[in-house]
Each structure stands twice: as structure tokens, then as C-alpha cells.
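Biologist: Please take one part of this model and look at it closely. I want to follow the aromatic rings, then the charged side chains. Keep it plain.

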Amino acid sequence: MARRIQKAAVLGSGVMGGGIAALLASAGVEVLLLDIVPFDLTEEQKKDPKARNRIVKAGFDGTVKSRPALFMLPKTDSKRVSIGNFDDDWNKLADCDWIVEVVVENLKIKQSVMERIEKVRKPGSIVSTNTSGIPLMSISEGRTDEFKQHFLGTHFFNPVRYMKLLEIIPGAQTSQEVLDFMADYGERILGKGIVWAKDTPNFIGNRIGVQGMVQAMQLMVEMGLSIPEVDALFGPVMGRPKTAMFKTADLVGLDTLGHVAKNTYDLVTEDEARDTFVIPDFVSAMIEKKLLGNKTKQGFYKKDLTPEWKTIRKVINPQTGEYEEYGKADFPCLDAAKGAKDLAGKMQAVVYGDDKGAKFAWKVIANGLIYAANRIPEISDTIIEIDNAMKWGYNFTMGPFEAWDAIGVEKSVAKMKADGLAVPEKIEKMLSAGNKSFYKSENGKDYFFDFASGEYKLISISPAIISLRNLKGMGKVVKENASASLIDIGDGVFCVEFHTKMNAINRELVEGMAEGLDYVAKNGVGMVIGNQAPGFPGAFSAGGDLAYMLGLAKEGKFSEIDAFLLTAQTGLQKARYAPFPVVAAPFGMTLGGGCEVCLGADRIVAHSELFMGLVEIGVGLLPAGGGCTNLWKKFISSVPGPVKITSLADFFLPVFMAIATAKFSNSAAEARANGFLDSSDRIHFNRDYLIGEAKKEVLHMVQGGYAPPIKEKIQVLGQAAQGMAEAELYNMQSGGYVSEHDAFLAKRIAFVIGGGDIRDGGFISEDAMLKLEREAFVDFFKTEKTMARVEHMLKTGKPLRN
């Protein structure tokens, strides 16, 4: 009988428990969220269900209100969660297929919870603990063999929705069937990256991550650097998040960091670098003073307001314990890194520099790499798990061993030896055998160096995952230019991959896509539009090439802007009417032109983390690549035949407001609620599967006897659209929500969506509506305020309200 998770229970409604409940509910699972009954109830309150559920209700409400959102679609998904307490609702666990324990990190409490679970759980149900450090063998002590066969560790990372890492820790008796199921469920259904961890203190991610963070703090004090200097050295220039080290610690919470560090120190008595888990005195003092980071609004960093309401950013001085203003860190190695072409070059510029900052960075990196190598096979059998844990759990661009390759293994080892550092024997053996890197690619396949066998081994991935990078390595590119490639992904299906900066839509990309459509028409059965841009959330396409069009506008070449828009419209509509199915696979930032690409496809297979919208008004423009036309068509196509005027009015307002207010989704579920995805479009939680799932969709449509849509006239609201827009804009202007220029732009947008001067409920040709888009776009670009908005966006990355 096939195992499935229809109902799950989460025991503990704190930040982690609430996040797990939200993820499961967003994936369509019915969730029972339980917590303890408050200890301080009066006799009267003990009879009141609301009082008894006070703790779980507060946790649940906090999860629903969380920003960024933990539910994909809070108003809808939260309805799948029911709440209760450990005393009154415990027996409901008997209905659950998976029970996740997320209670306080206390062995006796966890053992008591497991004992109670065993008394009510149904045979075969899965039980897991989210412990971050207590041995699973101890937690499950005294339980039956049947319980232990279905018991394992599932260690999520906060915030649960956004962090890809899920460490799975097998118990000594966990059945292989349960492990296989949970790995597949976690990866395919919940969208997580699975890392197999051993039952060791703090597993992999926190063992490596906390050690690196605490040792950096120790070295900072020893070498006399400031906190902003450390963050400048260990931010994006080293492939780390913008929050770097100390802002990340503020985000996590200094109390949490201190607890994990102390817990590890107490448990890793044989660790050669055990002392690197001892947090510096100034951090201990901060924890005592409740300077815990974002949760207390002051940690390593804080913000003050002057009497004039000006924000002043301050940082704590480790020597004095006082907050002070700070400026930009300045080291020659950072200046050198700016000139590097790629991340590896930036990292080398920093770690091999001669200044104080470079020497600090080298010490942190060198000691961290040695520590990671020494943890094999203690916490992991291979380098893969360690690298993935740091990328997926800490948002590093490269894991430790990938970073080691980036700075050069031979060169770095020579420097380590010169500095008197103890290079692990396994690294010496690898180099002496002629193996100069931890990873290599051959014929489109990726390999990692396995210390146990002393050989390179193939990195295995699910057969459902299609890697465009690997296919390109196998020579599967059939057409390409500097902005796009057409890749053969098998079975007659080809993928158009964008590779401009932020995958912005430019002329070359549009032309490459058109050539790709011609090629597929002769040689294939269907097309996927997608890419595998790195990072979270990544960019399917962040919009059009504004710099190109601004340059034309400044030279007064408005006819050339119109010609470019016509080329873009023709190319995107060509995909819409191709004689084969075209499926878009968007993820992350899918804005402006990127959104227009998707609206022109037959179907969409989207990643759950989708920030989709027609946001051009933010720079004083409107969608002119078919966005206005195709979004309107998507709305009215939900009703067969001619639409009544009243229904057209009902459709007009959400389309108008979506474009006129630059509305974008915070998830694919919200994009569907906004009307950008419809019931035939699919949502997948794991971005790695997206190209493969889009390919499946193409083949399914082919097998079903695909027939391209017929180009027909479009029914529009007509002149009545102007009146509806005027009324809505009057309210918005009165409330100060839109500027005079915004109102001017929005009225023209209403004119386009309404079909121009067409009579109410009339029909307009698609080409005529597309022409309305182009004319409005060009007219907008002729205004000084739009020019200023575009220029400001290109310079700052932020919209200008004028």
C-alpha cells in the first residue's frame, strides 16, 4: 500500500513549529498544531478552551502574521491548520500519518513526549524529531522496535519556507522504506534539499556554520578588527549573503547562537578544535544584557532615531561594549576584488592579499576549510553533504570544498603549511595522487572526490531533474547567441535558456527565441522556456532591458523604441501561436517582460517561490510586450463565448489594478489568486525539478493531441473602462496613494486594457491592442518624469515616486 501524508501533527508552536506547520499546510496537508496548556491558569480558566489554547493560538497567530510570509497563501493555507493542546487533543495524533516533535531542547521532555506519542499513534505512522543536537538514540530510548523503525530526525532550518536545507538523520533502527519515503517527500513535495546527516552534535549545517562564525569572532577580537570590517570581508565578496556574519547572527538571535555553541562544546569532547565553540566574552555579556539581535531590536547592530526622525545605524564596539556609528570598511583586498571577473577571482583577491583584512580573512577561511575536512567521516561520509548543508542552510554560494577549489587547493595548502597549520592527511594524499580539485566535470557529468576510496565518484541526482549546465557540457546546445541558448533536453523537447544579466529581455534574446521557435517547428515537438539561475529566489527574468531603451529615448529615437517593441511582441506572440506546445517554467523574480514571456506561453509550470507581476508603472511605463493584452485575455478566457458588459467590468478592475499598482505575487499560489496563473498551470515546490516538470507538461500536451490556439478578436470593456478607472484613481489620489504622474499613467493603461475608443463590449483585433500598448509605452518615455524614473531605477535599483 502506497504511503502518503494526508494529515500531519506538529508538536510545538514556536517559530520553528509554526514554520513547519505553515510549509505542510501550503503543500496541501491537513495539520494539527499542538502545544502545552499554560501553567498559570486560574481554576476558572482551566475550564475555558480558549485559555487552555492560549500558547498555541499565540504561536499560530504569529505564524499567520509573519513577514515575510511563512504560508504561501496565508488566508487560504492557514485554514488547513487546526490547533489544540497536549492535554485535550493528544488522542487526535492517532489520525496522523506524520508526527513532528518540535518541543524544547530538553532530553527528559522529549523522552516523555515520545512515550506519550507511542501510546496513541497508529501503527506505521512516521515520528520525527527536529532536535538540533540531542542524540536520537537517547530520545527514543525505551520505545518499541516498531516505533524506532518509524522514527528519525528531520532538522529544518529557519525560516522554514525559505531555507532549502532539510537534514535527515536516520535512527539506529529506522527502516529503509521510511528513510526513502521521507527523502522523496521532503525533496519532491516540500521542495527541500536533502542532506543525510549522522547522529552527531548539531549534525552538519550548525556544526560547520557555528564553528566558523564563533572562530571568526574570536579572531576578530584577537586581530583587532571591527564588526563592519568582518561583515565587509565575509559578505557577497566571499560568496556569502549580504547579512554576512554579524547581521546573520542578529537575524538568528545571539541567544540561539550561544546555546548551539555551548551545546556543541559540551558534547564534542574529542573535537580537536573544541575551543573554537567558546563565544567571546563580549558576546556573552551581550546575551546577559538581552542584546539578542533583531528580536530585541538591538544586537551587534541597532538603529537609533534622531529628534529629526533621521535613522542612524550603529554597531557595538567589542572593546567598550558601547554602540557607535560606523562607516564603510576599507581594505586594499576589497578594492582588488572589485576588479575580479568572477566569484573565484574575488575570493582569491581577498584571501591572498597582504593587508590586515586579507590576513584575517585567510585565517578564518584556512581554519574553516581544515575543520570541514577533519569532520569527514565523523559527521558526513562525503564532501557533498557538507557543501550542500552550507549552501542550503546558510545561503552560501559555495560550500567549503567548492570554495577550496575556487581559491586553488594546491596554492592554499602550500600557504597553510607555510603558516604552520596542520593540513589533514586526507588532503595531502589527494594532492600527492595527482588530484588537484575536489570537484570536476567531464562530458556533462559532475564528479566529487571521495576520501574513502581515493577516487572521483559521480554526483547522483534524481532522474526527474534536468541540469541545463550538464546538457550544455554534453554538447546539447543546438543554437545560441550571447543572450539565449536553445538546448536539446530530450524526446524532441527543447529549452530556451536566457543568460543576460538578471535574464533581462533584450533584442538579441527575443531574436534568439524566435530562431529557436523556427528550429523546434522543424526538428521538435515542443519548447520549454526556462533557466537555472543561481541563488534564492533567483531571477527567471527581472524585466526588459531598460538601459537600452533609455539610451534610445535620450537620443530621441522613439521610432526605434517602437520597432524594438514590435519585434518583442512579434516574438512573444509567435510562441503563443506556435504549432507545438510552449511551456514557461518561471521562478523567483518574474517581473515585467519576464511575466510577459509567461503570459504568452500555452501553460506555466511555476516554482512555489514566484514573485510575478507586471510592474512597469514603477518606472513610469506600461507592459508593452503583450502583457496588457495577454493578461486581459487570460482573465476573459475563463468564460466561454461573448461576455456580458457587467462581467467585463468585473474582469477589468482586477486587471487594471494589477498593472496600475505594479501588483506582484509573493508566491505562485498568490500569482494564481491574482489571475496570472490559472487552473491548468502547475506549481512545484522544488525548483530543481522545474525544467523536468515543464518538459513532462509539453509531452503530456503532445500526447493529448495539441492544437494551437486560433488568433481571434478580443472582447473588451471599451470606453466604460475610462470611467471605472477615473473613479478608482480619484479615491487613490484622495488618499495620497498615487501621484499625479501615476494617475496620468494609469488612465492611459485603462485606455489600453479597455481597447481604446471601442464601443462598450466591442471587439478589437489583437494587433490593434498590441499597437495601443506600443503607442502608450513610447508616449510615456517622452515624459521627463518617466525618463527620471527609469534613470533612477538603473542607478539605485529602487523606484522613484515623482
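**Rings and charges**

Modeller: Tyr-456 has 18% relative accessibility, so this residue counts as buried. Buried means under 20% relative accessible area, exposed means over 50%, and partly exposed is in between (1.4 Å probe, protein chains only). This is a predicted model: local features need pLDDT of at least 70, side-chain atom pairs need 80 or more, and totals for chains, interfaces and linings use all residues. Residues are numbered from 1 along each chain as its sequence is written, and side-chain values use heavy atoms, without hydrogens or water.

Phe-449 is buried too, at 4%. Ring pairs join Phe-449 and Tyr-456 with Phe-401, Trp-404, Phe-438 and Phe-451 in a cluster. Rings of Phe, Tyr and Trp (its six-membered ring) pair if their centres lie within 6.5 Å; planes under 30 degrees apart are stacked, over 60 edge-to-face, and the rest tilted.

The whole structure holds 27 aromatic pairs. One of them is Tyr-352 with Trp-362, a tilted pair with centres 6.1 Å apart and 35° between the planes. Tyr-352 sits in the loop between helix H15 (343-351) and helix H16 (356-374), while Trp-362 is in helix H16, ten residues apart. Helices (H or I, at least four residues) and strands (E, at least two) are DSSP runs, numbered from the N terminus. Tyr-352 is buried at 19%, and Trp-362 is buried at 4%. Back to Phe-449 and Tyr-456: their ring centres are 5.3 Å apart and their planes stand at 75°, so this pair is edge-to-face.

Now the charges. Side chains of opposite charge can pair when their charged atoms come close. A salt bridge puts a side-chain nitrogen of Lys or Arg within 4 Å of a carboxyl oxygen of Asp or Glu. The search finds 54 of these bridges.

Take Arg-52. Asp-87 forms a salt bridge with Arg-52, with the closest N and O atoms 3.9 Å apart. Asp-87 lies in the loop between strand S3 (81-85) and strand S4 (98-101), and Arg-52 in helix H2 (residues 49-52), so the bridge ties parts 35 residues apart in sequence. Arg-52 is buried, at 14%. Asp-88 also meets Arg-52 in a salt bridge, at 2.7 Å from N to O. Asp-88 lies in the loop between S3 and S4 and Arg-52 in helix H2, so this pair ties parts 36 residues apart in sequence. At 46%, Asp-88 is partly exposed.
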